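Have the model open as you read.

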Amino acid sequence: MSGTVEGRESTRRCGTHHDEAAISNAGDGRCVMSQENRIVVGIDGSASSLAALDWALSQAELTGATVEAVTAWEYPAFYSWEGGAVPPREFENAASVTVEDAVDNAVDRRANPPRVRTHVAQGDSARVLLDTAEDAELLVVGSRGHGGFVGALLGSVSHKCTHHAECPVVIVHASTERQ
């Protein structure tokens, strides 16, 4: 990866949580990364990110891929270490709730959902997505999230991803954006 991303990760299949490592022992003491078909999708709770998650799950059902739902968080510009109103851990917890709820709701609507992993990381959203999708088959993002200009066709994150991703990028509009 070109950058360091810290965060936590969980894995689920068919809505049940379990621990699973993407690294396995090769039998001779070496650890090897499993080569899996991955679709990375960015989640921020916006309508277009939820539509992107649904699209990624449908694509994974067709291809047998694992979906990696990713959300990033940063300290707000006004945040101060000295007497900040919100403890730093609360930002990560809020991001975790956002991605976990989105995935739970989307997976619960499917008869045979694909394997889904969630990942929460501190950092710039575009950078986190680009780093996570470095060896993915596909990166899926919503057309725009919770920031920027409401009338824009593409948000800054989707724009950066289309220009800098090392894999194909799919941009999904929420149904209300198309009208």
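Is strand β6 (residues 66-73) mostly covered or mostly uncovered, and how many of its eight residues are buried? Mostly covered: seven of the eight are buried. Buried here means under 20% relative accessible area, exposed means over 50%, and partly exposed lies in between, with a 1.4 Å probe and protein chains only. Helices (H or I, at least four residues) and strands (E, at least two) are DSSP runs, numbered from the N terminus.

Before going on, a word on what you're looking at: this is a predicted model, in which local features need pLDDT of at least 70 and side-chain atom pairs count only at pLDDT 80 or more, while totals for chains, interfaces and linings use all residues. Residues are numbered from 1 along each chain as its sequence is written, and side-chain values use heavy atoms, with hydrogens and water left out.

Now look at what flanks β6. On one side, strand β5 (residues 38-42) pairs with β6 in the parallel sense over five bridges, and Arg38 stands opposite Thr66. Two strands count as paired if DSSP finds at least two bridges between them. To get from β5 to β6 the chain passes through helix α1 (residues 47-63), and this β-α-β crossover is right-handed; that is, with the strands pointing away from the viewer, the path from the first strand over the helix to the second runs clockwise. Strand β7 (residues 115-122) also runs parallel to β6, joined to it by seven bridges, with Trp73 opposite Gln122.

The 17 residues of α1 should span 24 Å at 1.5 Å a residue, and the end C-alpha atoms are 24 Å apart, so the two agree; the expected span is 1.5 Å times one less than the number of residues. The buried residues of α1 include Leu53, Ala56, Leu57 and Ala60.

After α1 comes Gly64, with a positive phi near 75°. Gly64 sits in the loop between α1 and β6, and counts as exposed because its relative accessibility is 63%. Gly64 and Pro114 lie 50 residues apart in sequence, yet 7.0 Å apart in space, C-alpha to C-alpha.

What about the interior? The largest nonpolar core has 25 residues, and Val67, Ile39, Val41 and Leu53 are among those touching the most other members. Such a core is a set of buried Ala, Val, Leu, Ile, Met, Phe, Trp, Tyr and Cys residues joined through side-chain atoms within 4.5 Å. Its largest share, seven residues, comes from α2. A second, separate core of twelve residues includes Val40, Val128, Ala136 and Leu139.

Thr132 counts as buried because its relative accessibility is 8%. Not counting residues up to four places away in sequence, Thr132 touches Arg38, Val40, Glu68, Val70 and His119.

Terms used:
Contact means heavy atoms within 4.5 Å.
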